[in-house]
Amino acid sequence: MRSVAAALTTILVLGTPAVSHGDTFDPEDRALVRVEAAVDRALEYLAGRQDASGSWPQGVSGKPNTGVDALCLLAFMGRGHVPGRGPYEETVGRAVEGLRRSADKNGLLVHPGGHSHGPMYEHALATLALIEASGWMTDGTLRETCRDAVEVIVNAQNREGGWRYQPQPRDADLSVTVMQVVALRAAQNARLAVPEETLEQAVRYVKRCARPDGGFSYQPGQGAKDAQSAAGALCLQLLGTFDDPDVTRALEALQKRAYKPEMDQYFHYMNYYAMQAHFQAGEQAWAAWHPRVRDLLLESQAADGSWPGWQEERLNGPAKCYSTAMGSITLEVYMHYLPAYQR
Amino acid sequence: MNVAAWLARAAGIGHEMASRIDRAEWHWERPTVLVVGLILLVPVSWWIVRRHRERMPWLSRRARRALDVCRIAVLALLVFVLAGPFLKLDERIEERPVVALVVDASESMDLPVGPLPATAIRDTAAAAGFTPPAEDDAAGGAAMADQLAGLTRRSLVDAVLAANATTTLRQLSDRFDLRWYSVARRPRRTEQAALVREPATSGDAAPPAAPEDDRYDTALGEALELAMDEASGRALAAVVLLSDGRSTVGIDPLDAVRRAADAAGGQSRAPVLAVPIGSFDPPDDLAVADVLVAPEVALDDSVTVNATLEAAGFAGLEVPVELRDGEGTVLATQRVTVRGPRQRIALPWKATRPGTNVLTVAATIEPTEVITENNAVTVTVEVSTRRVRVLVVDHAPRWDVRFIDHAIRRDTTFEPEIVLTDSDEDDPTDVLPRDADAWATFDLVMLGDVPPDVLDEDRQAALVEAVTRRGVGVVFQPGHEHLPRGYVRAPLAELFPVTVDVEADGGAATVSAADAQPFRMLVTARGAMHPAFALEADPTRNRARWNTMAPFFRAAAVSVPKPAATTLAEIDVPGGRCRMPLVVEAPAGAGRVAWVGTDETFRWRRNVGDAFFWRFWGQALRGVARREDRPADTPWLAVTPARTEPGVPVVVELNLVDDAGQPVVADGQQVTVSGADADTVVDLRPAGRPGLYAGSIALDALGRHVVRHLAPESTLGGEVMVAAPIRERARPGVDRDGLESLADLSGGSVVEVGDIGSIPYRITQEPIEKGVVLEDEVWDTWPVLALLVGLYCLDIGIRRLSGSS
């Protein structure tokens with residue numbers, strides 16, 4: 001990644017997933033009950049830090065960031081706290097309204113005057129979160145917001161098939177691209193119009209980032225990195241190429257690495273993508289991966305429900321809303337609630 | 001009955017007073033009248049005597065004395081009546097609380113007790129009436145342990161009841177109204193003599209306590225409900241439950257306790273004292289615990305048959321597990337190394353034969369296994385040559401629809417079309433069918449929260465016609481915007497299997513749960529038997545599965561199911577006087593309709609994904625979809641299901657057409673069912689359309705039964721296999737967790753067999769003293785009237801005979 005700012009927003013990736021525990025068909029499995037309790041504590045932490053406008057602090061500046069807001073919203077929805085229902089009805093409702101209000105006249109979902117590390121990161125996350133929320137809000141205007149947001153993504157794809165920080169079709173990188181692909185897959189799932197050629201070009205770009213020796217690079221021709229390997233594998237899976245050898249090689253490379261927060265400077269980012277990708281890859285890969293993630297996150301959660309930012313904290317500042325939302329979303333892979341990530 | 005009581009009753013005293021006459025007290029309502037009357041009676045009597053002497057000197061002295069007595073007696077009687085004598089009973093009586101003793105009589109009680117803990121041998125032996133070995137007698141202890149382990153659970157119960165008949169049971173019956181129940185597939189009230197009998201001395205000599213067709217299940221929940229229902233109006237001090245804890249049918253015992261507590265204002269209705277019968281350490285055993293496979297698949301599908309192998313012992317053993325067809329041909333084999341108590345096995349199967357396929361998953365029987373019946377499980381899978389054509393219509397991409405969208409496309413038995421009327425892809429005015437013919441191109445329509453301006457009244461009327469006349473099925477999954485409230489007075493409402501409460505939630509026709517108290521779906525007894533709710537092959541696990549399903553926050557507000565509708569699941573509505581139907585199914589003319597009253601079934605994906613979510617939806621959709629499997633223009637006889645168990649009815653359908661292909665119309669038809677025991681004639685009645693006849697029969701005898709149409713020259717026939725279920729033997733260990741949960745929830749406790757003598761002391765409820773006040777008037781009785789009339793007649797008689805009047 002070229003800049004710290006870009007890296008930071010890269011971290012603000014995605015929403016929640018849907019997976020099988022792999023070892024059991026028992027929803028009351030003790031390990032899963034512990035996971036649910038940990039996520040509940042994290043959501044309590046997040047709920048207490050939301051401001052009246054529906055935003056969460058991201059720690060670098062006092063300005064709101066739609067990427068962090070979207071991640072926090074996804075964390076709630078990934079636990080089944082959907083708009084209009086349940087104990088977090090108001091929290092979730094404020095978040096949805098805040099993201100909806102952030103739309104500019106072109107449909108770009110970035111808070112006016114807000115903090116941004118590259119608007120397409122935040123826009124993709126906000127698009128994903130609003131598409132998931134739209135299933136519960138049938139007034140039609142949210143669907144319109146989502147349509148416009150998807151159009152922004154479609155129009156910002158460059159000739160190579162990828163995306164970059166700004167909503168113009170110039171250059172591309174894998175990190176921003178994966179985030180747009182996830183949002184587009186959610187849009188397809190919600191029956192919003194997404195041109196097939198957009199996704200086909202995206203596949204081509206992602207495959208150009210694949211390294212012959214395993215893993216994916218930030219941009220074609222560069223060296224593989226763990227976070228990008230996880231993101232690239234998931235991206236190809238979401239685009240329907242589950243059996244691609246690049247996916248298998250990337251996941252095998254990840255499994256061989258010593259799993260710890262120091263393994264990648266964007267550990268939460270890597271964690272989330274890797275958890276998703278291993279789930280999508282099937283039971284064998286899943287069984288090889290998820291216990292180490294689960295154990296580490298359960299052990300490292302603070303008493304107040306937050307997760308440490310580890311190396312990403314230097315990018316996100318002291319506020320732990322980003323890391324707590326990412327930790328929740330990673331564990332919510334077990335819960336299978338968010339439709340965008342169903343296998 | 002004593003003499004006094006008899007006399008009192010004969011004298012016209014009320015029954016209750018007469019039966020306690022020895023404790024009754026005499027009282028006067030107006031004692032002053034009595035005193036004054038008696039005082040006045042003296043001068044008046046003197047005056048009567050004197051007047052008779054003066055006025056009737058011609059009368060003999062004896063006649064005059066008789067007249068005197070009559071007149072004075074009448075006056076005395078008058079004083080007696082005016083004083084108002086009555087009998088009063090004012091006492092405290094003791095009402096003994098009820099104790100229900102429930103004895104498990106199901107097939108699992110024929111399993112061996114199994115190895116008991118060394119610390120329990122002596123106490124158990126003593127409780128069963130055996131002479132316990134001395135504490136330092138190791139050989140005797142081992143022999144006793146072997147003897148107890150070799151008993152059947154039923155024999156142990158018999159021994160314990162017989163040994164405690166004059167001690168523990170006597171104590172209980174002295175203090176309480178002791179009521180006896182036995183439970184197998186159904187609970188029964190019985191007598192002590194039927195259950196307290198001499199124990200068998202060897203393994204399985206004890207006769208079964210339940211009828212043959214009844215013993216293949218245990219309905220512990222229903223037994224608890226029966227005991228509590230029958231004690232209504234009386235205090236139920238405890239339910240003593242002697243069982244291995246395996247409840248395989250009917251309502252969940254925990255649910256029964258909860259419901260009773262709810263009805264009693266949150267207080268436990270009765271503590272359950274659970275006496276586990278059998279060892280908690282099951283003998284070395286391999287069991288195919290369940291087999292999960294789609295109940296219906298398409299021809300040529302490659303299907304995965306998932307089985308669960310449970311093992312007690314045998315760690316590290318390599319076990320061949322086979323998949324066999326109905327003829328015993330091995331279709332697939334997998335060698336499984338036993339790694340733990342429970343592991344999953346996936347066996348591949350290619351569905352190449354249309355119709356009902358019988359599949360058996362069997363684990364090899366090991367020589368040291370005591371229970372071998374649970375090594376195989378047989379299931380049936382319908383292989384369909386025709387896919388169910390489904391139209392799913394919703395407005396917004398609700399999460400349930402998004403998940404159904406993915407799952408239904410993967411299920412090869414469906415041919416889905418998904419229409420979101422608010423999507424970019426579909427113009428609803430083009431896509432939605434306009435007439436009945438167009439609707440009838442689908443076997444099933446699933447309607448979500450669709451606006452009525454999209455599904456206009458003409459389309460609705462056409463859909464109603466397609467359902468009622470063409471047999472199309474409809475599944476409603478209401479939301480909170482349009483359906484049902486936008487259709488309450490529209491043609492579509494005719495198909496709703498429920499009455500919608502349009503006033504609820506300010507006209508939204510929804511009910512919302514409090515944040516801290518979300519709705520929990522309660523599967524009804526009918527629902528538990530419904531194929532849509534069959535998530536697990538094992539009923540106990542299936543019940544547990546539904547009990548732990550994630551709760552939800554909103555449902556469509558309905559008041560009651562319509563006539564002929566069946567409520568399969570319901571919810572408790574806060575402040576509601578009764579439960580609200582949530583999942584309802586009903587016939588609608590030639591078709592069927594179903595109502596799933598919440599759009600939060602995505603929560604059933606919690607931690608397991610599609611496994612239960614789609615199993616429910618797939619089965620629910622198949623159940624409602626139109627079926628055209630069998631043609632109407634050819635003769636056929638069908639028996640459904642092709643495999644059943646004793647006491648569970650099978651349906652026999654017969655389609656008759658003549659040589660010209662026209663339906664044969666008659667008042668009925670007959671078939672014979674020939675089995676191992678006897679031939680039975682079954683009457684079939686006209687069923688829905690000309691030429692189609694249907695009837696049902698429950699078969700008890702095990703084995704193959706041949707069904708033949710009873711008519712000259714008819715060659716139509718079919719067959720059904722009756723096999724004993726292995727539910728009772730599938731898990732030979734005692735369900736201690738289940739019994740502990742039951743005891744905890746009810747405020748009771750688990751009582752070990754060796755500690756059974758403590759039961760009378762664990763029941764804290766004492767007899768209730770009740771005050772009884774009875775009053776019965778004594779003067780308003782026939783003897784007083786007879787005496788009065790007699791005296792009057794005597795007086796008149798004397799006067800007439802003496803010529804004085």
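The model is predicted: local features need pLDDT of at least 70, side-chain atom pairs count only at pLDDT 80 or more, and totals for chains, interfaces and linings use all residues. Residues are numbered from 1 along each chain as its sequence is written, chains are lettered from A in the order in which they are written, and side-chain values use heavy atoms, with hydrogens and water left out.

**Where chain A meets chain B**

- Chain A gives 41 residues to the contact and chain B gives 37; contact means heavy atoms within 4.5 Å.
- About 3,800 Å² is buried between chain A and chain B, with 48% of it on carbon and sulfur atoms. Buried area is the accessible area (1.4 Å probe) that two parts lose on being put together, summed over both.
- Six salt bridges link chain A and chain B. A salt bridge puts a side-chain nitrogen of Lys or Arg within 4 Å of a carboxyl oxygen of Asp or Glu.
- Arg85(A) and Asp599(B) form a salt bridge through their side chains, at 2.6 Å from N to O.
- On the side of chain A that touches chain B, the elements giving two or more residues are α2 (30-47), α5 (119-134) and α6 (141-155) of chain A. Helices are DSSP runs of H or I with at least four residues, strands are runs of E with at least two, and both are numbered from the N terminus.
- The largest share of that side, three residues, comes from α5(A).

**A helix pair in chain B**

- Helix α12 (residues 399-410) and helix α19 (residues 610-624) of chain B pack at about 75°, with their axes 10 Å apart. Axes are lines fitted to C-alpha atoms over the stretch in contact, and angles run from 0 to 180 degrees between N-to-C directions.
- The angle makes α12(B) roughly perpendicular to α19(B), a term for angles of 65 to 115 degrees.
- Residues of α12(B) in this contact include Phe403(B) and Ile404(B), while those of α19(B) include Trp614(B) and Trp617(B).

**Salt bridges overall**

- The whole structure holds 55 salt bridges over all chains.
- Arg249(A) pairs with Asp246(A) in a salt bridge, with the closest N and O atoms 2.7 Å apart.
- Both residues, Arg249(A) and Asp246(A), lie in helix α10 (residues 245-256) of chain A, three residues apart, about one turn of the helix.

**Backbone features**

- Most residues other than glycine have a negative phi, and most peptide bonds are trans.
- The peptide bond from Leu483(B) to Pro484(B) is cis, with omega near 20°.
- Pro484(B) sits in the loop between β19 (473-476) and β20 (498-500) of chain B.
- His336(A) is not a glycine, yet has a positive phi of about 65°.
- His336(A) lies in the segment after α14 (321-331) of chain A.

Technical notes:
Angles under 35 degrees count as roughly parallel, over 145 as roughly antiparallel, 65 to 115 as roughly perpendicular and the rest as oblique.
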